[in-house]
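Subject: Structure handover

Hello,

Here is the structure for your files. My notes on it follow below the display.

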Amino acid sequence: MTPTTSKPSLIVFGPQKELSSRDAIDQLRREINQNPQLSHVLNAAKHGAELWKPLANFDPTLNHIPGAKLLAELQEWVVGDGPLPSYNFNTFRLPVTVLLEIAQYFHYLRELNVVSPHRLLLGGVKTCGVLGICVGFLSAIAVATSEIEAEIAFTAAAVFRLAVIIGTKVGCIAVRWKGDEVHEKDISNLVSTFPKAYTSCTIDAKSITVTASLSDIPRLTEKLRANGSHVTTVSVEGAFHSDIYTAAVERIKKFAVDRPDLHLPSVNKLQAPLRSTVDGEIITSGSLLQHALENVLLKPAAWFKTVQGAVFQLKGSKTVAFAGFGNHIPASLVSGAGLYVLDLNKLTVSNLDGFPNGTRIKGTNKPGNGVSDAQDSVPYEYPPNSIAIVGVSGRFPGADSLDELWELLLSGKSIAEPAPVKRLQLPTTGEYANKKWWGNFLRDPDAFDHKFFKKSQRTGGQLAMSLAWTAPQRGLRPPEAILAFYCPTNYEDDWWRNPIQPIGAEDWGDKYDLLKAIQDEPITNYGVVGAWEPLSDPRIRTDLRCRIVLHINWKAQTLPIIIGGLPSKKNSAGVNIRDWNTLPQPSLDEIVRVSPRAQILRGNYHTPTFLIHGTNDDLIPWQQSQGTYDALQEAGVTTGLALIEGAPHICDFSSNPESEGWKAAIQGYEFISNYV
């Protein structure tokens, strides 16, 4: 099969990063074990622990790192079937990154289903070349210096061992800014006021990574935000790109001299341009070991300049193949140059003629003018059944379109307003006579046809969290990140088996005829006035939805309803829906299937998650969020937790930027902004 014009013009390898789903990682493990071309890499992983003893003897300063244990566990993972261990030691994370990136590349080569696929790709990147940022530079060396697949694997084994040697522990933050009000020079001057802080990487035209000591990061973050920058913590630990490693680099080179298994090819072996992130220039001389140590350890990374230099050489195809995790192609270049990024981590496999994502190439003889039938003209990254999203629409509080929303965001205006009391049937008498209801509300809310989309009118945090493990089971991508507000996360808790008695409304759940709220369909589609709006407080007794919630809670029927669904006139035979105590409690297996914390403990949950909860919540115990946060940390999943002291269930219901609920919500949004 002849290559298509859309084969990559540039190949990029990313840095160490939070990894993908377990299914994807397991697929790469199978690639390492089952692809005979990767035998050198597999052997290096199996015997990595044997490197540690001579290394620690040579450099006693490494004795504080449990390297032998880490590499032994890596070996067990490679040959076993359990989840990949989660450690913050870069002695573990860097070689794992090399392993998985090389596996991604070989998986891609195999699925091309052509003779000599690596040579085919080398032909496409002969102008723009191969790039790598941080540890990804090691993977880039293996690919760029190799003429055939066997050479890649041999060099990859060497860079795997080299990656083992590199590691330390300091924190990083990412700094972004927009417009012309903030300048990189001003940020650099501010960073320089912290003795141990420095700019370690230029990510994009207006985005950098700053490395600082962990103790300085909170104060540095506060000052940068005050200066008009957007700051987020990077999930990478290590003082990379710093001259503090000058002496360490010399020790590494001295150790490598007498170790043939650490020797890298010479520069004249390069089969494609390899750019240094130190200055963005193509490497034409010097030792590749020295270049590797400079790119990973010694020198700040001019990543934006490096990618920009390669992109300027683009001719023809604008496809960039990216191996790694996360998104590390500068966004301004993707949009500005019209790049298409082929993410090898997300690459799906099909049996259709061997090209990625299943595009069938009908013929091999294309007309000289490039004209072909519609099927043949589709780039191979897009399968015939692809869906192209050519427009996006949305309606939001205070904005009926995306353009209006953008203008609203630019203005910085709060759209908090008095609640539509009549529309929501909010109480205005008795204890609520002086109550002022506020919030953010859609205009014309009944314009949203929830039944058309087969969605209930209100979905909760637990539903979003369940996508973290149910989406991959259905062949779908899980959420990039989840922000969970005061939602139930542990259904194994005995709390759910006992009547829940919210303060001040102990008996109301028995006083309402729930038949009024039950339609011909399950109650998730009940059509009561105000059902399209979120509840400001689940104990508003004039809202039929609240009567249902209260009744379920007070009859200890939460678990049967969550797992078995709400009864309706159609499916309520044999069940007295006036008294849902007749619904049987689910089994432990049924509970585990829907419980986020249980899925975390079983290694099925890998989505970065931020939890927010008030410590005076009488509907869902705050200890559930705390326990789930602890479980996420134990599982190595990136997570965050904001507990709001003394706050009730709806702990973020405030339009005051100084309130603790507002601050917690901002924390959560900043957390998920790292991923979406």
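I begin with an open sheet of 3 strands in the order E11-E12-E13, where the pairing is parallel. Two strands count as paired if DSSP finds at least two bridges between them. Helices (H or I, at least four residues) and strands (E, at least two) are DSSP runs, numbered from the N terminus. Strand E11 (482-485) and strand E13 (639-644) are the edges; each has a single partner strand, so one side of each is left without a neighbour in the sheet. On average, neighbouring strands here are turned by 10 degrees against each other, direction ignored. Axes are lines fitted to C-alpha atoms, for helices over the stretch in contact, and angles run from 0 to 180 degrees between N-to-C directions.

Strand E12 (residues 609-614) runs parallel to E13 and is joined to E13 by 6 bridges. One of the bridge pairs is Thr609 with Thr639 in E13. Helix H23 (residues 622-635) packs on this sheet, where H23 touches E12 and E13, and the direction of H23 makes about 160 degrees with that of E13. Contact means heavy atoms within 4.5 Å.

Some notes on the basis of all this. The model is predicted: local features need pLDDT of at least 70, side-chain atom pairs count only at pLDDT 80 or more, and totals for chains, interfaces and linings use all residues. Residues are numbered from 1 along each chain as its sequence is written, and side-chain values use heavy atoms, with hydrogens and water left out.

The other sheet

An open sheet of 4 strands has the order E2-E1-E7-E8, with parallel pairing. At the edges stand strand E2 (130-132) and strand E8 (340-343), each with a single partner strand, so one side of each lacks a neighbour in the sheet. Neighbouring strands of this sheet are turned by 25 degrees against each other on average, direction ignored. Helix H7 (residues 136-144) packs on the sheet and touches strand E1 (10-13) and E2; the direction of H7 makes about 160 degrees with that of E2.

Going through the pairs, E1 and E2 are parallel and share 3 bridges, with Phe13 opposite Gly132 in E2. E1 and E7 are also parallel, over 4 bridges, and Ile11 stands opposite Ala321 in E7. Strand E7 (residues 319-323) is in turn joined to E8 by 4 bridges, again parallel; the partner of Ala321 in E8 is Leu342.

In a regular strand the side chains alternate between the two faces of the sheet. E1 is covered on both faces: Leu10 and Val12 on one side are buried, as are Ile11 and Phe13 on the other. Buried means under 20% relative accessible area, exposed over 50%, and partly exposed in between (1.4 Å probe, protein chains only).

Helix pairs

The axes of helix H2 (residues 39-46) and helix H8 (residues 149-165) come within 7 Å and cross at roughly 20 degrees. H2 and H8 are therefore roughly parallel to each other; angles under 35 degrees count as roughly parallel, over 145 as roughly antiparallel, 65 to 115 as roughly perpendicular and the rest as oblique. The contact is made by His40, Val41, Ala44 and Ala45 of H2, and by Ala153, Phe154, Ala156, Ala157, Phe160 and Arg161 of H8. By class these are 8 nonpolar, 1 polar and 1 charged residues. Ala, Val, Leu, Ile, Met, Phe, Trp, Tyr, Cys and Pro count as nonpolar, Asp, Glu, Lys and Arg as charged, and the others, Gly among them, as polar.

The axes of helix H1 (residues 22-34) and helix H4 (residues 67-79) come within 9 Å and cross at roughly 85 degrees, so H1 and H4 are roughly perpendicular to each other. Ile25, Arg29 and Asn33 in H1 meet Trp77, Val78 and Val79 in H4. This contact divides into 4 nonpolar, 1 polar and 1 charged residues.

Two single residues

Thr155 lies in helix H8 and counts as buried, at 7% relative accessibility. Not counting residues up to four places away in sequence, Thr155 touches Ile141, Ala142, Thr145, Ser146, Leu264 and Pro265.

Lys53 is in helix H3 (residues 49-58) and is exposed, with a relative accessible area of 63%. The C-alpha atoms of Lys53 and Ala68 are separated by 7.4 Å, and the two residues are 15 residues apart along the chain.

Regards
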